[in-house]
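This briefing goes through the model shown below, with its points grouped by topic. Please keep the sequence and the coordinates at hand while reading.

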Amino acid sequence: MKDLISNSIYFGFLISIIGYEIGLLLKKKFKKAFFNPLLVSIIFIISFLLIFQIDYESYYNGAKYLSYLLTPATVCLSIPLYQQLTLLKNNYKAILGGIFSGVLTSLTSILILSKMFALTQEQYITLLPKSITTAIGIGVSEELGGIVTLTVATIILTGILGNILAETICKIFRIQEPVAKGVAIGTSSHAIGTAKAMEIGEIEGAMSSLAIAVAGLITVVAASIYANFI
Amino acid sequence: MRLIKQFGIILAVTFIGELLHYIIPLPIPASIYGLVLMLIALKSRLIPLHKVKDAGSFLLEIMPMMFIPATVGLMVSWNSLRSILFPVLIITFITTIVVMAVTGCITQLIIRLEKRNSK
């Protein structure tokens, strides 16, 4: 059985879908933010692999086809953006101002906290791109000399956290404008947060998609300056 | 056939994005070039919305699932993460909340100021 699973091309893909479906079911049943389908599926799959002693490579062998779809899917983020283009034009000052201050807040808070925890320069740089989309974040981390696998881990952690907390944070800080909600979610928690923004509404989803691209590009430039601060 | 044709168009734009990423020496990923190109193509009606909408919506709908494989990879990078797990968790938690709150509040503030000025 283990041999079959280790050699199967379909196992990784299949268990990813099963895990996500379980997550969707739990979310429907308990209606709690903690039952985030992504989080549930990851806990389910890691537990499954550990219990049946299947290594990550065997899983990834099938699951990679799912990751391959990420690039065309990111390209498709242009569709909701196109549908909200007038809204973007009318609010471009607010959107750009918001994203810019968000990126600076992100880098500055990481700088201060890294100093507080006395992290090494390598660890600090690893964390710098954690609010932006994985594809750009990997590039930034590599370029500046961070630990890339760790960068990916923190990017995903940030995304899941943003996804789970988005609605609560918007409520606490009274962020009510759909445009502001979308920009906030996309700037802080990239594509994984954007999945939540799309659930909240079309405008939120579109603005969040835009924020991923713009925040990513600003971070590329700003992170290379911030890298010298520790 | 309709869906696969739409998927084909999306892949074509993605491929041009990859090409640009290959030619231009900047740390900008193929997907962002593709996103901008697709937006320009939609705006200029080079690609009408209905030619990509169904396949595109499907991809967007299943997008969260696409992060599963990389995240399960945490089980491999666990050893390098474990030594700084505590600071990483605290930093991630604080910055995610602070960044979301600051970005949202500032965006909202500017929107409301502009609305008031235009009245």
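In which helix of chain A is the place of A:Ser106? A:Ser106 belongs to helix H8 of chain A, which covers residues 92-116. The model is a predicted one, and the confidence values for both chains are therefore set out below alongside the geometry, with pLDDT standing for the predictor's confidence in each residue.

**Fold and overall dimensions of chain A**
- The secondary structure of chain A consists of 13 helices and zero strands, and its radius of gyration of 19 Å is close to the 17 Å that the globule rule gives for 230 residues, so chain A is as compact as a globular protein of that length.
- Taken along the principal axes, the box filled by the C-alpha atoms of chain A is roughly 60 × 40 × 30 Å.
- Among the contacts in chain A with a separation of 6 or more, 67% are accounted for by residues 24 or more positions apart.

**Surface and charge of chain A**
- Of the 230 residues of chain A, 60% count as buried, while the chain exposes about 9800 Å², of which carbon and sulfur atoms supply 65%.
- Chain A carries 15 positive and 12 negative side chains, and a distance of 12 Å separates the centres of the two sets.

**Individual residues**
- A:Ser106 counts as buried because its relative accessibility is 5%, and, when residues up to four places away in sequence are not counted, A:Ser106 touches A:Ser131 and B:Val99.
- Most residues other than glycine have a negative phi.
- A:Ala118, although not a glycine, has a positive phi of about 50°; A:Ala118 lies in the loop between H8 and helix H9 (121-127) of chain A and counts as exposed, at 63% relative accessibility.
- A:His190, likewise not a glycine, has a positive phi of about 35°, but A:His190 lies in helix H12 (residues 178-200) of chain A and is buried, with a relative accessible area of 1%.

**Confidence**
- Chain A averages a pLDDT of 89, and 100% of its residues score at least 70; within chain A, confidence is lowest in helix H1 (residues 2-7) of chain A, at a mean of 77, and highest in H8(A), at 94.
- Chain B has a mean pLDDT of 90, with 100% of its residues reaching 70 or more; among the elements of chain B, helix H5 (residues 74-82) of chain B has the lowest mean pLDDT, 80, and helix H1 (residues 2-23) of chain B the highest, 95.

Definitions and conventions:
Residues numbered from 1 in each chain as written. Chains lettered and ligands numbered in written order. Heavy atoms only, no water. Helix = DSSP H or I, 4+ residues; strand = E, 2+ residues; numbered from the N terminus. Rg over C-alpha atoms; globule rule 2.2 N^0.38 Å. Buried < 20%, exposed > 50% of the residue type's maximum accessible area, 1.4 Å probe, protein only. Contact = heavy atoms within 4.5 Å. Areas by Shrake-Rupley, 256 points an atom, 1.4 Å probe, with all protein chains shown as cover. Lys, Arg positive; Asp, Glu negative; His and termini not counted. Charge placed at Lys NZ, Arg CZ, Asp CG, Glu CD. pLDDT = per-residue confidence, 0-100.
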